[in-house]
Amino acid sequence: MLYIGSHVSFDKKDQLLKSTKEAISYGANTFMFYTGAPQNTLRYPISDEKTLEALMLMKKEGVAFDKVGVHAPYIINLANRDNLEFGIRFLTEELERCQELGIKYMILHPGSHVGHGVEEGIQSIIDGLNRVFLNYHGDVKILLETMAGKGTEIGRTFEELKEIMDGVTENERLGVCMDTCHMNDAGYDLTDFDSVLKEFDFILGINKIGCIHINDSKNERDSHKDRHENIGYGTLGFATLLKIIYHPSLDDIPKILETPYINREFAPYKEEIEMIRNQTYVDHWRDSIHS
Ligand code: FE
Ligand code: FE
Ligand code: ZN
């Protein structure tokens, strides 16, 4: 079954109910959100009342709650040992918040080594994750995202993610979130997705994939840029992305759009989800700005 959605908002007042309503307005049957602004630590107590209302609405509208994920805030950087204590603390708190909401998985950028070098960065991530799993005993999984390799980002190759997994003691609590824009920018040739998937399976195991971010890319393969583009307007194109979305080996994996707003104002997700469901491209925004 196709589980398709986008990232949606979450606010202090209506919380998960707000996210759910937004997802439904796009015709989505799953979604992803941040528990607060991704660049700060300001968080609010979870309202069980709003969560329950959201769950009832999801059930009524056919949204698969077990496919809904949270994205960890960007300010967590486990690869930088100088800031590791903060990252461990905040990530633990975020996992507990997810647990309270009933969320099953949290997507995490492995981190940037900020000049310390890849090996030291990877070791710092391993230490961080080991300590997070000692602090937190719930069942929310962490999915490490495949990164574009912008700056000093770790997680650009499947091998780097594998190294992290191998170092984490309770690595059955880890999975991977593929991001199509990031994999393209990292150098993977997604026009031959079967080969990429085969390589992934050989290195990490296909059963590790917990989520896929579906984004077109503004840049050429191997550019290490990480700039998302609307579906069909980038270097990947509609046909390549459709092949990934409907790949038979990835049938039940949630697919999440993180494409840019149109003219920095309108969410493109209703139209993009419709195109994906109909498997037919429509040139909605030829003359618009995809920021
Ligand atoms: Fe991400
Ligand atoms: Fe992503
Ligand atoms: Zn990105």
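**Metals, barrel and helices**

Tutor: The zinc ion (ligand 3) and the iron ion (ligand 1) lie 5.3 Å apart. The model is predicted, with local features needing pLDDT of at least 70 and side-chain atom pairs pLDDT 80 or more, while totals for chains, interfaces and linings use all residues. Residues are numbered from 1 along each chain as its sequence is written, chains are lettered from A and ligands numbered from 1 in the order in which they are written, and side-chain values use heavy atoms, without hydrogens and water.

Student: Which residue bridges the iron ion (ligand 1) and the iron ion (ligand 2)?

Tutor: Glutamate 145 does, and the two ions are 3.3 Å apart. Histidine 109, in the loop between strand 4 and strand 5 (111-112), and glutamate 145, in strand 6, link distant parts of the chain, being 36 residues apart.

Student: Which residues coordinate the zinc ion (ligand 3)?

Tutor: His182 (NE2), Asp226 (OD) and His228 (NE2) coordinate the zinc ion (ligand 3), at 2.0 to 2.3 Å. The spacing of these donor residues is H-x43-D-x1-H.

Student: How do you know that strand 6 and strand 8 pair?

Tutor: Two strands pair if DSSP finds at least two bridges between them. Strand 6 (residues 141-145) and strand 8 (residues 174-179) have 4 bridges, in the parallel sense, so they pair. Leucine 144 has valine 176 of strand 8 as its bridge partner. Strands and helices here are DSSP runs numbered from the N terminus (helices H or I, at least four residues; strands E, at least two). A closed barrel of 8 strands runs 1-2-3-4-6-8-9-12, with parallel pairing.

Student: Why are helix 4 and helix 5 called oblique to each other?

Tutor: Angles under 35 degrees count as roughly parallel, over 145 as roughly antiparallel, 65 to 115 as roughly perpendicular and the rest as oblique. Angles run from 0 to 180 degrees between N-to-C directions, and axes are lines fitted to C-alpha atoms, for helices over the stretch in contact. Helix 4 (residues 118-135) and helix 5 (residues 158-167) pack at about 40 degrees, with axes 9 Å apart. They are therefore oblique.

Student: Which residues of helix 5 make the contact with helix 4?

Tutor: Glu160, Glu163, Ile164 and Gly167 do, where contact means heavy atoms within 4.5 Å. Helix 4 contributes residues including Val118, Ile122 and Leu129.

Student: What makes helix 5 roughly parallel to helix 7?

Tutor: Helix 5 and helix 7 (residues 193-203) pack at an angle of about 20 degrees, with axes 10 Å apart. That angle makes helix 5 roughly parallel to helix 7. Phe158, Glu159 and Lys162 of helix 5 meet Val196, Glu199, Phe200 and Ile203 of helix 7.

Student: Why are helix 3 and helix 4 called oblique?

Tutor: Helix 3 (residues 84-101) and helix 4 pack at about 40 degrees, with their axes 9 Å apart. Helix 3 and helix 4 are therefore oblique to each other.

How values were computed:
Donors = N, O, S within 2.8 Å, 3.2 Å for Na, K, Ca; no water.
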